[in-house]
Amino acid sequence: MRLYEMDTPIGRLGLVESARGVIKVLLPGDAFEHPVHAQEARTAAAHQLEEYFAGTRREFTVPLDLDGLTPFRARALHTLSQVPYGETVTYAELAHAAGSPKAVRAAGSACATNPLPLFIPCHRVLRADGSLGGYRGGERAKRFLLALEGINV
């Protein structure tokens, strides 16, 4: 595994990559519990995130490595990855689209434990009343990301 660190408008991020793809995005305040080798050369994933923050990229094409997820979390995150740039869904809509309409809390948990925020856009999920809801990167980061995509909450 390799770790690439980068400065962004929401703070310093870490990208952990395996030979198969991006495994984890570390947001400001996250701690990394596995040994990794630091990488100096900018990766394709970092380049795509730079384009996203510059407003020139709306979709990511780098491979993602999502091994080890429960079946529902895998479905919820796959469903979440289909939410288009500039659009939002509620936790209930996410649960329904993932095939388990009553699993609203589980959908929230899938977002809270999403190993690949930004690539799998959990910042696009709002509460049923239209309020922000949680975000591992913090409220300021979630507001910034939504505003970057033209969404005012």
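Reader: Leaving aside neighbours within four places in sequence, which residues is Ile-151 in contact with?
Author: Ile-151 is in contact with Gly-86, Glu-87, Thr-88 and Leu-146. Contact means heavy atoms within 4.5 Å. This is a predicted model: local features need pLDDT of at least 70, side-chain atom pairs count only at pLDDT 80 or more, and totals for chains, interfaces and linings use all residues. Residues are numbered from 1 along each chain as its sequence is written, and side-chain values use heavy atoms, with hydrogens and water left out.

Reader: Where is Ile-151 placed?
Author: In the segment after α5 (139-148). Helices are DSSP runs of H or I with at least four residues, strands are E runs of at least two, and both are numbered from the N terminus.

Reader: Is Ile-151 buried or exposed?
Author: Buried, with a relative accessible area of 12%. Buried means under 20%, exposed over 50%, and partly exposed in between (1.4 Å probe, protein chains only).

Reader: What separates the C-alpha atoms of Ile-151 and Gly-86?
Author: 6.1 Å, with the two residues 65 apart along the chain.

Reader: New topic. How is the chain divided?
Author: Into domain 1 (2-54) and domain 2 (71-149). The bounds come from an automatic or database domain assignment. Their centres, taken over C-alpha atoms, are 20 Å apart. The contact takes 14 residues from domain 1 and 16 residues from domain 2.

Reader: What area is buried between domain 1 and domain 2?
Author: About 1300 Å², and carbon and sulfur atoms give 71% of that. Buried area is the accessible area (1.4 Å probe) that two parts lose on being put together, summed over both. Of the area that domain 1 buries against domain 2, Ile-10, Leu-27 and Tyr-52 supply 45%, more than any other three residues.

Reader: How many salt bridges does the rule find across that interface?
Author: One. The rule wants a side-chain nitrogen of Lys or Arg within 4 Å of a carboxyl oxygen of Asp or Glu.

Reader: Which residue does Asp-30 form a salt bridge with?
Author: Arg-136, and the closest N and O atoms are 3.0 Å apart.

Reader: Last one. Which residue does UniProt list for "active site"?
Author: Cys-122, in an unreviewed entry. UniProt annotations may be inferred rather than shown by experiment; positions follow the numbering used here, and feature names are shortened. Cys-122 lies in the loop between α4 (104-112) and β6 (125-126).

Reader: Why does Cys-122 count as buried?
Author: Because its relative accessibility is 5%.
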